[in-house]
Amino acid sequence: MKNLNIINLTKGETFLHQLTGTTKVRLFAVLMVYVMMSFDLPIILPLFVFSIISIISLKPHWKTIQPLIFFVVFLNVLNIVLYWLANPLCGLEYTGDQTILFAYTDYLIVTRGTLWFLSIRLLKMLTAFSTSLAFIMSITPSELAAGLTNIGFPYKLGSIVEIAFRYIPDISRDYENIAVSMQCRGLELDAKKTKPIERLKQMVIILIPLIVTSFDRVGNISNAMDLRGFGKGKKRSYYSEYPERRNDKIFKLIYCLIALFCAYYIISGFITPRVPKMWIYWRCL
Amino acid sequence: MKKESFGKILLGKWDTKTIVGVAIGIALFAVLMVYGSITVFTNTNLSLAMLVPIIVGGLFGPLPAALACGLGNVLADLIGGWGFWFDWSIGNALLGFIVGSLKLYGANIDEGVFDVKHMVIYAILAVLGNVLAFGFVTPIFTKLIFGGELEISIAQGWVAAVSNSTVLLVAGIPILKALAARNARGTNLTKE
């Protein structure tokens, strides 16, 4: 079982853990719009700093999230390099700057505008990641379901997410058991010794029993839920959801203000398009 | 056997069984995305998770399959730890809808109905769905959400489309056949 313990199933002790599910879900939704709407450094950087602070304040197990962070940073840097290789002039429509800094060949050139655009893009990706990480580490599946219902999704959707979270550990345990017992019978699963297509065929052999056992559960679970009267009422309440406390009210004010700012920024961008499309430091010097 | 109307199959029946089935589908999708994938290209895997929507679709209908595929991708992003790619989740949901429409053209895994005719339609739909979902829809959403260049998103999308089609054809047809054969036991009995 790798990586599976960033989702916590019980409520934590810290300040952010103690907020209600509704507050967390709404704040996260607003912040996602906030980070996606622009490429401006003055807008993205504060959120990046705040999300790092909130991750630290959640007192995570650094051992579990360290490899995760390294992997994400590595993948995003790789993506940036690939973007640059595919089109060394990318970001031109955003910056409108073609000052050449280095030129290796006629094709591989680094312009000032591209460098700026790509570094902001990297920061934007990392901000989206750190915000989501803080969100995931602070919420429990039950609170997530309650929050989704409070936003206005049907509660059946919330239940789907909750049940899915509940059965991920079970299914991954089944997967490991089946894989080990198939290896006992001589199935080679080592990535170095077999070709991808061979591995694909071997995975199918593992997959059939896994699918059968997983979907055999459906009858049991749904009968148990039916017996307890699931789906009879139009609404339901959640044990993990309680009335707003003082901190929730403060956060309510904060996310309302951020939402207003996002609306203003997006609408004003439609009425008078910004030229250039992103904030550039050398224009302000 | 009672014939269901086209629209009813399209929407699916949202009873407790479907809800639990979709939830299990999501969990299975997430687990397979994390364990059962073979890396080909950045952000792109030869992933067996793509087989989940056809099974959910075969059992419950196309809309549950779309939900299982889209939400499953979000959840896999959550536990797998490679960042969040909502653009890909939208593409996956569309693909789930298309390949999960087994019941619409008469294949029925529950009753063990899966012939050569269904196989051909399934293969065509799998390829078409991949091209549509990852060749066109995902790059457009990538552009909308993250900005950035269209060319490389399209390149990634095509790699994903090819690898997913491979999985859906090489592994999907044997699995569907095996499951149909397993469920077909006892269907030749007639009620007296």
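1. The largest nonpolar core has 90 residues. A nonpolar core here is a set of buried Ala, Val, Leu, Ile, Met, Phe, Trp, Tyr and Cys residues joined through C-beta atoms within 7 Å. Buried means 20 or more other C-beta atoms within 10 Å of a residue's own, exposed means 12 or fewer, and partly exposed is in between, with C-beta atoms placed from the backbone. Those with the most contacts inside this core are A:Ala164, B:Ala23, B:Ile26, B:Ala27, B:Phe29, B:Ala30 and B:Ala68. Helix α2 (residues 16–35) of chain B is the top contributor, giving 14 residues; helices are DSSP runs (H or I, at least four residues) numbered from the N terminus.

2. Bear in mind that this is a predicted model: local features need pLDDT of at least 70, side-chain atom pairs count only at pLDDT 80 or more, and totals for chains, interfaces and linings use all residues. Residues are numbered from 1 along each chain as its sequence is written, and chains are lettered from A in the order in which they are written.

3. Take a look at B:Ile26. Leaving aside neighbours within four places in sequence, B:Ile26 is in contact with A:Ile160, A:Ala164, B:Ala68, B:Leu71, B:Gly72 and B:Leu75. Contact means C-beta atoms, placed from the backbone, within 7 Å.

4. On the interface, 51 residues of chain A meet 45 residues of chain B. Elements giving two or more residues on the chain A side are α3 (62–86), α5 (112–138), α7 (155–184) and α8 (196–227), and α8(A) gives the most, with 16 residues. That side of chain A has 37 nonpolar, nine polar and five charged residues. By class, Ala, Val, Leu, Ile, Met, Phe, Trp, Tyr, Cys and Pro count as nonpolar, Asp, Glu, Lys and Arg as charged, and the others, Gly among them, as polar.

5. Within chain A, the axes of helix α2 (residues 41–57) and α5(A) come within 9 Å and cross at roughly 35 degrees. Axes are lines fitted to C-alpha atoms, for helices over the stretch in contact, with angles from 0 to 180 degrees between N-to-C directions. The contact has 11 nonpolar, five polar and one charged residues.

Technical notes
Contact = placed C-beta atoms within 7 Å.
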